[in-house]
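Colleague: Could you walk me through how to read a structure like this one, feature by feature? I'd like the general idea each time, then the case in hand.

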Amino acid sequence: MEENKNTPRPNGKRRFSFYWIYVILTVVLFALYFSGRDNVEKKDIDMGQLIEMLKSGEVSKIELVNQETADIYLDKEKEPRYSYRIGSLERFEEKVEKVQEDAGITEPVYINHVEHKNWGLEFLLTWILPIVFFVGIWMLFMRGMGRGGMGGGQIFNIGKSKAQLFDKDSVPVNVTFKDVAGLEEAKVEIMEIVDFLKNPEKYTRLGGKIPKGVLLVGPPGTGKTLLAKSVAGEANVPFFSISGSDFVEMFVGVGASRVRDLFNNAKQKAPCIIFIDEIDAIGRARGKNPINGGNDERESTLNQLLTEMDGFGTNSGVIVLAATNRADILDKALMRAGRFDRQIYVELPDLNGRKEIFEVHMRNLKLDTDVSRDFLAKQTPGFSGADIANVCNEAALMAARKGKDVIGKQDFMDAIDRIIGGLEKKNKIITADEKKVIAFHEAGHATTSWLLQYAHPLVKVTIVPRGKSLGAAWYLPEERQITTKEQLYHEMIATMGGRAAEQVVFGQISTGALSDLEKVTKQAFAMVTYYGLDEEIGNLSYYDSTGQQDYALTKPYSEKTAETIDKQVSKLVEQAYQEALEILSKHRDGLSQLAQKLIDKEVIFSDDLEAIFGKRPWGTSSEDQGETHSNLEDTNALNQENHEG
Ligand code: ADP
Ligand code: MG
Ligand code: ZN
């Protein structure tokens with residue numbers, strides 16, 4: 001990446017280009033090369049001509065230069081007129097002698113050996129070449145440090161940030177929101193941030209603080225980088241773009257100084273946005289591995305970033321946008337208030353999202369009439385935006401290979417097959433059977449929680465895989481200070497609803513309920529041993545609020561009580577399971593409808609449940625749930641359940 005041309009050099013000096021070294025060297029070399037050559041044009045002759053000359057006695061002198069070429073001097077001339085390249089030295093000498101003898105020349109010429117040194121060449125080989133060699137090596141080295149940076153000027157700029165700047169005077173960005181399909185919530189949030197930058201008073205008037213940092217989080221290929229680029233196109237504010245790995249060099253201190261430089265540049269251009277892609281390259285949690293001292297450089301880079309983010313005022317008009325696939329490995333300090341305190345989740349696209357992504361990427365393709373975006377979206381569950389872009393490109397190539405004028409449905413199907421092949425290796429693909437099981441499992445949770453008075457009503461269920469989990473459901477937890485036994489019990493039933501649905505529908509259960517079982521077991525254990533909610537154990541709590549007891553070694557109850565606890569916990573869970581089975585058997589039809597809807601749409605909302613089971617008569621009304629749709633992406637506000645596959 002070239003250092004951005006729009007940043008004026010602070011001292012206004014022209015950068016000394018190392019390309020001049022090449023120019024000077026070339027000139028010197030040429031000069032030396034030609035200086036080593038004789039100035040007079042000599043004519044090359046062959047042996048026959050030489051013999052003729054010798055016979056006629058014109059030749060006055062033969063000079064054998066470097067035992068290679070014979071310079072022939074005629075009469076009394078100062079400069080040689082002709083030259084002859086000899087083959088073998090002895091044969092040449094013999095021949096010259098013999099020819100003259102035969103011709104009976106009285107004053108034969110003898111061969112005069114001389115050595116003409118080509119000083120230029122010699123100088124070149126012994127002095128210039130090694131210098132050129134070392135300079136070359138050195139420049140390669142420097143360039144390597146600058147990682148692809150152009151021009152030898154890198155050495156003076158190694159501490160400068162390599163951020164690319166997009167603003168109205170520079171190259172216009174050709175990506176806009178139109179190129180980003182779906183991700184509506186993310187777009188809205190990002191535009192809000194741009195609005196912060198443009199009208200800060202509107203927000204600060206009431207004493208509010210503008211966020212300093214926004215983190216885009218999500219699996220690879222979901223369009224985070226694309227989204228950020230489109231912001232550069234949409235925002236109309238200067239946009240510095242840099243990748244986390246651009247900070248990292250093999251020299252200590254370089255990363256930190258680049259961070260400093262970047263923020264200095266940004267402050268001069270405020271209001272503006274700094275975008276750091278793949279921030280995990282520098283933002284990885286510090287000090288996990290104390291033995292490995294090699295991380296010092298990355299840590300100091302990260303520290304500098306934190307310092308800069310703390311350093312500039314909230315209202316200084318610089319907002320840092322960052323993207324990562326790995327929010328889990330980021331240093332917690334980055335997420336603290338005043339840094340990346342906003343997070344935008346970018347998830348894998350659902351059915352509708354995939355359709356829109358197909359639409360975006362098909363804009364420039366010549367399609368046959370049989371190509372249906374709906375159909376293709378259905379064929380590509382679990383695909384990311386990047387995978388879909390790949391499918392479109394692959395299909396175009398396949399059609400071209402076959403010499404077609406338009407891309408047909410079959411080309412797309414072949415492309416999908418090919419890309420699934422790659423994805424299967426990464427374990428990202430769910431088979432149709434698995435998808436069905438997951439759909440029924442999730443529908444089981446949704447159905448039971450909908451039909452139980454005290455369970456948290458559901459707001460959204462999806463079977464789009466997210467991270468390690470296969471499906472997910474969002475519930476709207478009521479604000480409760482205390483929870484009754486019944487409420488806890490209903491929640492347990494809903495948690496068992498997933499496995500129960502598998503049992504009811506398929507007559508067999510799977511490992512997909514691992515996290516459900518973990519949750520329900522902990523819940524039951526807490527009910528029995530902490531909250532005193534079990535008849536047999538009674539009003540006892542073995543909870544230790546001091547947290548000093550090590551229950552692994554000493555239990556505060558007898559062996560006999562331990563057995564009772566085990567028995568009661570398992571009884572409670574079993575009861576919940578039986579109840580779930582009962583509910584789902586009774587509402588088998590509704591369950592199937594819901595599961596089918598999930599298979600078709602991949603995401604369902606409370607409206608879909610209401611359409612099947614009718615309004616919930618109790619508690620939280622469906623209007624309330626309707627409102628929560630808008631902040632669905634804000635998973636912190638909602639209980640989210642993941643099921644590990
Ligand atoms: P990430 O940064 O999240 O890993 P990218 O933004 O680099 O993913 O996406 C890679 C490519 O995938 C993009 O250049 C684009 O072609 C395609 N893509 C991903 N998501 C979308 C989307 N929502 N809409 C359109 N294209 C997308
Ligand atoms: Mg990216
Ligand atoms: Zn489950």
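Modeller: Happy to, and let's begin at the ligand, bearing in mind that the model is predicted. For polar atoms, look for N or O pairs within 3.5 Å. Here a polar backbone atom of Thr222 sits 3.3 Å from an oxygen atom of ligand 1. Taken alone, ligand 1 exposes 560 Å², and the protein buries 80% of that.

Colleague: Which other residues put backbone atoms beside ligand 1, Gly221 or Ala181, and at what distance?

Modeller: Both do. For Gly221, a polar backbone atom is 2.7 Å from an oxygen atom of the ligand. For Ala181, a backbone N or O atom lies 2.9 Å from a nitrogen atom of ligand 1.

Colleague: And which residues come nearest to ligand 1?

Modeller: There are 16 residues around ligand 1, and the nearest are Gly221, Lys224, Thr225, Leu226 and His361. As for secondary structure, helix H8 (224-235), helix H13 (351-362) and helix H15 (385-401) each give at least two residues to that shell.

Colleague: Let's zoom out. How many helices and strands does the protein have?

Modeller: The count is 23 helices and 15 strands. Of the 645 residues, 45% count as buried. The accessible surface comes to about 34600 Å², with 52% of it belonging to carbon and sulfur atoms. To see how the chain folds back on itself, look at contacts between residues at least 6 apart in sequence: 73% of these join residues at least 24 apart.

Colleague: What about Val27, buried or exposed?

Modeller: Val27 is exposed, because its relative accessible area is 55%. Val27 lies in helix H1 (residues 19-35).

Colleague: Let me try a loop residue. Where is Arg339, and what does Arg339 contact?

Modeller: Arg339 is in the loop between helix H12 (332-335) and strand E11 (342-345). Beyond its neighbours within four places in sequence, the contacts of Arg339 include Lys212, Gly213, Leu306, Met309 and Asp310. Ala333 and Leu334 are also in contact with Arg339.

Colleague: Last one: backbone angles. Which residues have a positive phi without being glycine?

Modeller: Leu183 has a positive phi of about 50 degrees, and is found in the loop between strand E6 (164-166) and helix H6 (184-198). Glu602 has a positive phi of about 70 degrees. The place of Glu602 is the loop between helix H21 (588-601) and strand E14 (603-605).

Colleague: Is Glu602 buried or exposed?

Modeller: Buried, because its relative accessibility is 3%.

Definitions and conventions. Residues numbered from 1 in each chain as written. Chains lettered and ligands numbered in written order. Predicted model: local features only at pLDDT ≥ 70, side-chain atom pairs only at ≥ 80, totals over all residues. Heavy atoms only, no water. Helix = DSSP H or I, 4+ residues; strand = E, 2+ residues; numbered from the N terminus. Buried < 20%, exposed > 50% of the residue type's maximum accessible area, 1.4 Å probe, protein only. Near = heavy atom within 4 Å. Polar contact = N/O pair within 3.5 Å; in protein donor to acceptor, adjacent residues only side chain to side chain. Areas by Shrake-Rupley, 256 points an atom, 1.4 Å probe, with all protein chains shown as cover. Contact = heavy atoms within 4.5 Å.
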